[in-house]
Amino acid sequence: MNIYIKRLSYLFLSLTLLLSACDAEESLTITSPEAEFVLDTPGISNIFLNFALPNNPAFTITWSDEVNTGATYDVEMSLDADFASPIVLGTTEKNNFSMTVDNLNTVLNNANVKSFLPTPIFLRLNTGTAVSNVILFQVSKYAVEMPTVTGPDSSTGIVLSDVDPDLVATTVTWEDPEITSTSSIEISYELQMVSSGAGFNNPVILGNTSELSLDLKHGELNTFVLDNGGTAGTASDFDFRIKATAKTAAGDLFRTSDAITLTITPYDVALPPALYVVGAGAVDAGWGWTSPVELLLQGKTYSGNIKLSPDNGGNFRFFTDKTLEWASPSYNFPYFSDRGYTIDSNFENANDGDSNFLFTGTAGEYFLEIDTEAETITLGPAVVGPNCNFDQLWVVGAGAVDAGWGWSNPIQISCTGTGVYEGNINLTNDAFRFFSDRTLEWGSPSFNYPYYENAGYTIDARLENASDGDSNFKFNGTPGQYGLTIDDVNKTITLSDPIKLCEFDQLWLVGAGVPDAGWGWTSPVALPCTGAGVYSGQVTFANDAFRFFTDRTLEWSSTSYNFPYFENEGYTIDANFENASDGDSNLKFVGTAGTYTLTIDTVNKTIVLN
């Protein structure tokens, strides 16, 4: 019985499932997706166009089209999402499209897109009857348009002046049409100059800036012009251009402007070897060319003794070439004052027809110095004896055998004349250098080989550049004792046989007329040899007698020189000295007691007190 019941249950269940299945089949609806025309979203959205790889793809886009069978696609670009003015990048029948870096950069440039600035561009496909969806890229293009010089124009003539070298002579300006203040990379500009027509293979660089202008000062432009073919006082043409450099991740991108041509007249920076003073204020000269007063150039300084007077007008002027006489270039008071010189208070503008100098001080002999580097004109007491920028130069270095690289025994090269240093030196094949101040030791100003070479000196062939860290001198000749002469006027450095400077290293003064010494040997006063046959130094005198001795160690046994000795040798003796007419016929000082510079010149046979 149970078996029949179970079988009936299975029968009812089967009928139920069958009926349910029939109901489900009647309600099921199968649908197909709509046909699509879709431009695929790219994997990247930022594009940096690399100028170094112009033929590489800038981008590749793909799409699927189930709507337009066999269509031809215009790939359109727009700078706005509305595609108000679409630009066709290309046409294809495929379902992908690529564009090179160079081609896309050109399209963007033609659309006036600024360089090095992320710019949104919108892309879509257009079949003529259907338009795809829009995708977006951020693109940074590189610059291709050249900068343009806007001023000055090529008709400009520039006459440079040394009145104020720091004054701006001209300002070069330019435009860079593709660059804005929001550009994402650094742009620098280089102003280049060459002689007109020479080409820019090896240009002179006048300056660098990130701005769109560059000032050129009179002094710096004058240097550039003279160093690159210009002639002082002569107008010459020079070409200028701008080189723009963009520092990108792909490297430096260079662009250059068209050149402009400027006519430039430089001024002369070479100092004449001497200045000549002519005028009533210069007593020994007067307004004529028979005896102009000569001021020689040493380094950057003109100097010399001159007798000045305020009488007869007291005016004078400086000239550069006595052979030309009145046709010579000349320098009056405004010439120096306009250039910022500090001028001694004894001088002023004469305010005559030529604006000459006017001397307003006390008539007398002075030492006149014109320092073109410090820009000063000064008067001081007349200099007796040699006149140099320094009393002596000091030689230190392994090449100077008796000195070495230390300050125990530097070699003294003394001033022996106007701008001339002379001394003897034991040289070996090694380096050395000149110093001006022994007391400062290594802190002293020093003068190496390039210092003299660059100043135009003719240097003895046995001396060369050591090419060490300090570019010292190096002796390459036969080791031994030499005479060394440095002539700052004629600009020569020469080696010779040893020089006989003086018979003695110094003379010694002893006597009551020299209070610091007195008649004893505890503290005789030394008068050192300062040049070829010249003894000179400061001595304090009193109205009494004294005598010269040659050897302090011998004391009273030393050879000595009294008044008749010099008189009989034909010396011209300063009027402040006379024969003491004592038992030894000593010299006697008869002037105003005080400290003086005493100079005995055994060559010219003079004894001078100043």
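How far apart do the C-alpha centres of domain 2 and domain 3 lie? They lie 40 Å apart. Keep in mind that this is a predicted model.

Here is the layout. The chain divides into domain 1 (37-140), domain 2 (148-265), domain 3 (274-381), domain 4 (392-496) and domain 5 (506-609). Those bounds come from an automatic or database domain assignment.

Now the packing. The largest nonpolar core has 57 residues. Within this core, Phe59, Ile61 and Phe240 touch the most other members. By element, strand β15 (residues 236-248) gives the most, with five residues. Domain 1 (37-140) and domain 2 (148-265) both contribute residues, so this core lies between them.

Take isoleucine 61. Set aside neighbours within four places in sequence. Isoleucine 61 is then in contact with Leu39, Val75, Asn95, Asn96, Phe97, Leu123, Ile135 and Phe137.

There is also a second, separate core, of 26 residues. Among its members are Leu393, Val395, Ala403 and Leu495.

Next, arginine 255. Where is it found? In strand β16 (residues 251-256). Is arginine 255 buried or exposed? The relative accessible area of arginine 255 is 3%, and buried means under 20%, so this residue counts as buried.

What does its side chain reach at 2.7 Å? The side chain of arginine 255 reaches the backbone oxygen of glutamate 145. Arginine 255 touches Ala143, Val144, Glu145, Met146 and Pro147, along with Asp176, Ile179 and Ile187. Ile242, Lys243 and Ala244 are also on the list of residues that arginine 255 touches.

Conventions:
Residues numbered from 1 in each chain as written. Predicted model: local features only at pLDDT ≥ 70, side-chain atom pairs only at ≥ 80, totals over all residues. Heavy atoms only, no water. Core = buried A, V, L, I, M, F, W, Y, C linked by side-chain atoms within 4.5 Å. Buried < 20%, exposed > 50% of the residue type's maximum accessible area, 1.4 Å probe, protein only. Helix = DSSP H or I, 4+ residues; strand = E, 2+ residues; numbered from the N terminus. Contact = heavy atoms within 4.5 Å. Polar contact = N/O pair within 3.5 Å; in protein donor to acceptor, adjacent residues only side chain to side chain.
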